[in-house]
Amino acid sequence: MNLYLPKSKKMGIALMQMAMMATSFSASAARASYFHTGVTRSVDHMINGNNTYTTLLASVTGTLDFNGPDNANLGTIVTDGEAGSIDIAGIDYQIFAADANGSANGTIWGYYGDVGIGKDGIVGDMLEGDPVVVIKSVANVPFSFEGITTANVGVIHTRVTFEGFRNGVSTGSVTLNVDNAVTGINMYTTADLLPAIFQNVDEVRITNPDLPDGVSERTVFLAFDGIVFGDPVIPNQAPIIDANGSAGGTSNTITFTEGGGAVRIATSDASLTDDDNITGMTLVLGATPDGTDETIAYSASLNGGASLATLGLTGSYNSGTRTYTVSGTATAAMYQGVLRAMVYNNASDNPNTTARTVTISATDAEGATGQATATVNITAVIDAPSAPDLTASSDRGSSNTDNLTNDTTPTFTGT
């Protein structure tokens, strides 16, 4: 690979790396005594649909300011508490060089009191650069990435990209300009590292989006210091509706039989869960070929005899919008009971057998809405024929225009 640092700077860096390799400092031993076990507990909001999360037992806020000792060998993974930085309680932070997939590549890191432009910091491969630099937490504990100071080693970078990740999924990225005309030092804050992307991550990857002249790979040539972490802002999770309970999936399928009475829309073990209160629920019929004969209603008998009023709720069906609306603030468990007691009915004597779709929506106190669907299959019943009226007294015509005859003593022949 073609190096692009000035010759004098290359020699100076090489001497620094030789000194770093010669030090007897054991980074692995330091990490072994420093690391503590990640812990899980329930929290107020759900992440990725799970009820229990890896989270913090203490604040994860802190700033990693590295300050020595000079030329220290930090091993392949730098942690909070090393190179003179603080050990942030409640979380274990790691910084390392990685391949394009974010896996550690074994590069040895060091701390330097001066990386060549009058700024100290930690550095990976100062000669070849690092494909990716990763800042992450152990056990996927979430944090907010709020600031970092970079030193443009060799004045090579013109831009740098920061990308956030949560459970291996990208939360977004920003590409920022790098100053190399004045000091080569940049201090990025939340004005640059957008909270919408970085306020709830467990990993940040730093890359070089550009390919400098004479270089075959986009590698990172930056020193790092002043890394600012904050407590995560965990987004509200929408209510989770499972209309078929213990069966697979979240949708339910039911069959309504003509004349058979109302049927549950969701199963008797359907679930509605959320860590917030629920403020409302709607059940909307996608189409009603039989018009106002089709209705959705609440059946108190299916909910222990509790009326909506006794639950502090109100409910009504609007045939124009084909919507049953439940209103009022109550726990998710209370709304779950209501969901299990919602029924579909069709009073038509000749129902259209096209399947109906009912969309169930619930909204929580923070405005998030969750949905599920139910399919209603319709079975029509062939009515038994009525017997003809053969009594002469019922005939009002002059011959056989109404019934069979006006003869008081009709005679039937044939076999």
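This is a predicted model: local features need pLDDT of at least 70, side-chain atom pairs count only at pLDDT 80 or more; totals for chains, interfaces and linings use all residues.
Local features need pLDDT of at least 70 and side-chain atom pairs count only at pLDDT 80 or more, while totals for chains, interfaces and linings use all residues. Residues are numbered from 1 along each chain as its sequence is written, and side-chain values use heavy atoms, with hydrogens and water left out.

Start at strand 7, residues 109-112. Strands here are DSSP runs (E, at least two residues), numbered from the N terminus. In a regular strand, side chains alternate between the two faces of the sheet. Trp109 and Tyr111 point one way from strand 7, and Gly110 and Tyr112 point the other way. All four are buried (under 20% relative accessible area, 1.4 Å probe, protein chains only).

Strand 7 pairs with strand 4 (residues 72-75) in the antiparallel sense, over three bridges. Pairing requires at least two DSSP bridges between two strands. Glycine 75 has tryptophan 109 of strand 7 as its bridge partner. Strand 7 is also joined to strand 8 (residues 121-123), again antiparallel, by three bridges.

Six strands form it, in the order 17-26-25-20-23-22, with mixed pairing. Strand 17 (252-257) and strand 22 (314-318) are its edges, each pairing on one side only. Neighbouring strands are turned by 20° against each other on average, direction ignored; the axes are lines fitted to C-alpha atoms, and angles run from 0 to 180 degrees between N-to-C directions.

Within this order, strand 20 (residues 278-285) runs antiparallel to strand 23 (residues 323-330), and six bridges join them. Glycine 280 has serine 327 of strand 23 as its bridge partner.

Note on methods: Buried means under 20% relative accessible area, exposed over 50%, partly exposed in between (1.4 Å probe, protein chains only).
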